[in-house]
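Have your viewer open and try each task before reading on.

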Amino acid sequence: MLMKFRERLDQEAAELRAADAQTSSDRAPVELDQVAVGRLSRMDAMQQQAMAQAQSRRRAGRLKAIRAALQRMDEDEFGWCQNCGEEIAPGRLDLDPTASQCVSCAAG
């Protein structure tokens, strides 16, 4: 069962890294060239850039959670609440293998 979660996490991490690499040009600075690009087009490009940067930050946060879950696996702490020490319900881990707290601690 642990291998199933590790494979899922490894696959998701690879997909996130690939998506981040594909969108690196979208996060690049927007050039100020009003001869080639009009003001509204530049504003649109800046909005697209901001959205791409926000998406990249979300991916980085998810990758951090995945790395933490993989580390818990390596330390034989995966599936145990980091707060109270109780077992995390298998259904919760099926929904999100990066969950580090049981339902009670996460809700409280």
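A residue is called buried under 20% relative accessible area, exposed over 50%, and partly exposed in between (1.4 Å probe, protein chains only). This is a predicted model, in which local features need pLDDT of at least 70, side-chain atom pairs count only at pLDDT 80 or more, and totals for chains, interfaces and linings use all residues. Residues are numbered from 1 along each chain as its sequence is written, and side-chain values use heavy atoms, with hydrogens and water left out.

**Exercise 1.** Find the residue with which E12 forms a salt bridge, and work out which parts of the chain the pair ties together.

Step 1: apply the criterion, a side-chain nitrogen of Lys or Arg within 4 Å of a carboxyl oxygen of Asp or Glu. The partner of E12 is R62, with the closest N and O atoms 2.7 Å apart.

Step 2: E12 lies in helix α1 and R62 in helix α2 (residues 39-74), so the contact ties together parts that are 50 residues apart in sequence.

Step 3: check accessibility. R62 counts as partly exposed at 23%, and E12 is partly exposed at 24%.

Step 4: look for further links. E12 and R62 belong to a network of salt bridges with D96.

**Exercise 2.** Decide whether D20 and R59, which meet in a salt bridge, are buried or partly exposed.

Step 1: the N to O distance for this pair is 3.2 Å. D20 sits in helix α1 and R59 in helix α2, 39 residues apart.

Step 2: D20 has 23% relative accessibility and counts as partly exposed. R59 has a relative accessible area of 9%, so R59 is buried.

**Exercise 3.** Locate the salt bridge between K4 and D94 in the chain.

Step 1: the side chains of K4 and D94 meet at 3.3 Å, N to O. K4 is in helix α1 (residues 2-22) and D94 in helix α3 (residues 90-95), so parts 90 residues apart in sequence are tied together.

Step 2: for the whole structure, the search finds 5 salt bridges.

Terms used: Helices (H or I, at least four residues) and strands (E, at least two) are DSSP runs, numbered from the N terminus.
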